[in-house]
Amino acid sequence: MTETDQLVSLGEIEEAAARIAGVVRRTPLLPASWGRPEAPLFLKAESLQLNGAFKARGATNAVLLLTEDERGRGVITHSSGNHAQAVARAARDAGVAATIVMPRHSPRVKLLATQALGAKVVLVDVSERAAEAERLRARTDAVFLSPFDDDRVIAGQGTVGLEIAADLPDVATVFVPVSGGGLISGVAAAVKARCPDVRVVGVEPELAGDLAEGFARGERVVWEPEQTSRTIADGLRVTGVGERNWRHIAALVDEVVTVTEEQIKDAVRRIVLDSKLVAEPSGAVAAAGYLAHPDVCGRGPAAVIVSGGNVEPSTLADILSA
């Protein structure tokens, strides 16, 4: 078996698109007036997705693929908030019990939304969320749904890439925010299959740049929670990309760059004030990459994934008033 054989295929992503059609939204790809002339900018507005983030795609695909036995056992996951809401909604709609392990300091807007969707929420220190999810899984026999390291999730997130390729077939560069790597894995698999000459660029906060370090070294790297928790981009505080995700990234991603906290905040302001979309800091990281790294952007249209809009009102107000 070759390394490429281990990756999620275009066919699997197309099947996921058919499976989740009508359940999740097909979000618009919006032209942005603040792009560069040589690289016109388009925003993939996943902040308009159900629950306000792209995570609805992967979670819905994964839940719909559960067997009858697995549905009866319920599902469990860990998340800082967006995957939590996505799993909670998908499980509720499928009549499946869901338990979500979340960091104690998750944004309140994400915590309350997850609880409102009927999931049982367990709060722990951020460094304990994966271990606590595994302890609960072992005790309850619930099915674990990884936020990123799962082919069903990767295929679901890859539907973002299918839509970009369909709406902008001459796309030259796609900027993708990176946390655990589920989104960039799926998007890269989809757009590279549909638009072979496209460049895929991963973007991380400088304060959570585990993938940037690993990509430069040619090996998967894991940081400590104390390091990644420093960034304002709460959805990108995962300490390392998943094993499956690393295989996709190593095979398909062209470059990984980092952005500063101030560059993230500036991108939030641009998206909100100039494009009239709400973006959480995590959702603005790819746009920050486009703005801060023109050298990695090829000539021709650039698509930036605005991955989420679930931001605390007070955080957004502070960013906009700065």
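Select residues 173–177 and 302–306 in this predicted model. These are strands β7 and β10. The two run parallel, joined by three bridges. Pick out Thr 173: its bridge partner in β10 is Ala 302.

Now widen the selection to the whole sheet. Six strands make up an open sheet with mixed pairing. Step across in the order β1-β2-β10-β7-β8-β9. Stop at the edges: β1 (29–36) and β9 (255–259) each have a single partner strand, so one side of each lacks a neighbour in the sheet. Look at the twist as well, which averages 30 degrees from one strand to the next.

Next, select residues 210–217. This is helix α9, lying across β8 (199–205) and β9. Its direction makes an angle of about 145 degrees with β9.

Move to Ser 146, in the loop between β6 (143–144) and α7 (151–167). Is Ser 146 buried or exposed? Ser 146 is buried, because its relative accessible area of 7% is under the 20% cut-off. One goes to the backbone nitrogen of Phe 148 at 3.1 Å.

Last stop: Ala 130, in helix α6 (residues 129–140). Ala 130 is partly exposed, with a relative accessible area of 42%.

Technical notes: Residues are numbered from 1 along each chain as its sequence is written. This is a predicted model: local features need pLDDT of at least 70, side-chain atom pairs count only at pLDDT 80 or more; totals for chains, interfaces and linings use all residues. Side-chain values use heavy atoms; hydrogens and water are left out. Two strands pair if DSSP finds at least two bridges between them. Helices (H or I, at least four residues) and strands (E, at least two) are DSSP runs, numbered from the N terminus. Axes are lines fitted to C-alpha atoms, for helices over the stretch in contact, and angles run from 0 to 180 degrees between N-to-C directions. Contact means heavy atoms within 4.5 Å. Buried means under 20% relative accessible area, exposed over 50%, partly exposed in between (1.4 Å probe, protein chains only). A polar contact is a pair of N or O atoms within 3.5 Å; within protein, one must be able to donate a hydrogen and the other to accept it, and residues adjacent in sequence count only if both atoms are side-chain atoms.
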